[in-house]
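The following note sets out several points for a colleague who has the coordinates open.

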Amino acid sequence: MSRELINAGIAGTGTYVPERVLYNSQLEELVDTSDEWIRSRSGIRERRIARPDQATSDLAVAAGERALENAGMAPEEVDLIITATNTPDMFFPATACLVQEKLGAKNAGAFDLAAGCTGFIYALATGSQFIATGSCRTVLVIGAENLSKITNWKDRNTCVLFGDGAGAVVLRPTVEDRCILSFKLRADGAGALHLHMPAGGSRQPATRETVGQNKHYIHMNGREVFKFAVRVMGEAAEEVLALAGLSKSDLDFFIPHQANIRIVKAAARRLGLPMEKVLVNVDRYGNTSTASIPLALEEALQSGRIKKGDNVVMVGFGAGLTWGAVAIKW
Ligand code: UT7
């Protein structure tokens with residue numbers, strides 16, 4: 001028996017960033033770097049840093065509450081919470097369960113999704129399928145990160161790049177064509193070690209030695225990730241446009257994962273897009289991993305840049321290696 005699939009639309013958005021701003025000039029005091037190097041190589045000017053007592057679920061709850069309010073939904077109406085994160089509060093239970101409890105979403109299922117910085121794209125696609133099949137009517141999708149807690153503040157290769165934050169969207173069924181049009185999710189585990197946290201898992205359980213060797217921090221081969229990102233971003237965007245029956249000229253806004261302004265510009269060039277159509281926040285938040293795309297989306301909605309009927313493509317890439325894209329008619 002075949003059933004009609006149901007369109008999933010974004011009914012509300014919400015974000016949260018910690019108050020504390022860390023400027024490049026302050027990083028000059030921690031490692032051998034300069035404001036000039038960071039700006040010219042990454043485009044980052046400043047980033048937000050969570051308080052020591054703020055865990056990822058705290059950031060996620062703040063963003064989730066705002067998204068539900070924006071959608072006009074009560075927590076009890078949520079059927080499912082998907083939290084995409086690389087920095088869960090704990091190994092287990094899932095951060096999504098902590099979010100579920102704090103939100104008072106007492107009728108919701110909850111799970112975490114790990115797909116590196118592509119986590120939000122993966123979670124959006126996954127959530128949309130629960131709506132499409134009719135299994136859920138309200139799905140809260142959250143991307144939340146506390147990267148400052150797994151950053152080695154003595155490693156200049158990584159510590160200048162990351163920031164903390166959270167973004168959320170509420171997915172609901174819609175009869176309109178203003179919905180998620182297509183998505184594509186990809187992975188290449190051959191590049192897994194280009195971006196990883198070596199210890200703390202079952203491969204190398206945490207010991208005094210692993211902690212002493214800084215293996216519980218982010219380790220990254222930036223140059224390899226850079227080359228990979230430039231290769232896959234434009235391609236992923238083109239794939240979801242084609243799946244949605246759209247051409248590049250139909251694209252109104254492009255929301256790339258915010259890791260480096262040079263990667264963003266390279267992807268825009270490949271798509272033949274002027275920078276006016278590309279949303280950028282890496283200058284103010286750095287790389288917030290799974291939060292970067294919903295943060296940029298919310299900003300464009302707040303400022304009225306994205307309007308009803310606009311074709312929007314979001315593209316992510318990151319640890320895994322993973323990449324993926326979602327096309328939406330707003
Ligand atoms: O969300 C996905 C996660 N990550 C990414 O997307 C990161 C992707 N990669 C990048 O954004 C860039 O590769 C970086 C910003 C990380 C680095 O830029 P790059 O132009 O690829 O620089 P590089 O790695 O080729 O390094 C150039 C030099 C090196 O010195 P040597 O070996 O040429 O003498 C580095 O040691 O710059 C040095 N360097 C720094 N210098 C000052 C590396 N980090 C710093 C720093 N300040 N913070």
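1. The buried residues of helix 11 (residues 292–302) pack against strand 1 (7–16), helix 5 (119–132), strand 7 (164–174), strand 11 (253–256), helix 10 (282–285) and strand 12 (311–318). Helices (H or I, at least four residues) and strands (E, at least two) are DSSP runs, numbered from the N terminus. Buried means under 20% relative accessible area, exposed over 50%, and partly exposed in between, with a 1.4 Å probe and protein chains only. This is a predicted model, in which local features need pLDDT of at least 70, side-chain atom pairs count only at pLDDT 80 or more, and totals for chains, interfaces and linings use all residues. Residues are numbered from 1 along each chain as its sequence is written, and side-chain values use heavy atoms, with hydrogens and water left out.

2. Helix 11 is largely enclosed by the rest of the structure, because eight of its 11 residues are buried. These are Ser 292, Ile 293, Pro 294, Leu 295, Ala 296, Leu 297, Glu 298 and Ala 300. After helix 11 comes Gly 304, which has a positive phi near 80°.

3. Gly 9 lies in strand 1 and is buried, with 9% relative accessibility. Leaving aside residues up to four places away in sequence, Gly 9 touches Val 170, Leu 171, Arg 172, Thr 174, Arg 178 and Cys 179; contact means heavy atoms within 4.5 Å.

4. How many disulfides does the model contain? The count is zero, a disulfide being a pair of cysteine sulfur atoms within 2.5 Å. For Cys 136, the closest cysteine sulfur is that of Cys 97, 14 Å away and therefore too far for a bond. For Cys 179, the closest is that of Cys 136, at 17 Å, again too far for a bond. Cys 136 is buried at a relative accessible area of 10%, and Cys 179 is buried at 4%.

5. Helix 3 (residues 56–71) packs on helix 4 (residues 95–103) at an angle of about 50°, their axes being 9 Å apart. Axes are lines fitted to C-alpha atoms, for helices over the stretch in contact, and angles run from 0 to 180 degrees between N-to-C directions. The crossing of these two helices is right-handed, the near helix being turned clockwise from the far one by less than a right angle. Residues of helix 3 in this contact include Ala 60, Val 61, Gly 64 and Leu 68, and those of helix 4 include Leu 98, Val 99 and Leu 103.

6. In helix 4, the buried residues are Thr 95, Ala 96, Leu 98, Val 99, Gln 100 and Leu 103. They pack against helix 3, strand 4 (80–84), strand 5 (109–113) and strand 6 (139–146). Gly 104, which follows helix 4, has a positive phi near 75°.

7. Helix 8 (residues 222–243) and helix 9 (residues 261–271) pack at an angle of about 40°, with 9 Å between their axes. Their crossing is right-handed. Among the residues that meet are Phe 226, Ala 229, Met 233 and Ala 237 in helix 8, and Ile 263, Ala 266, Arg 270 and Leu 271 in helix 9.
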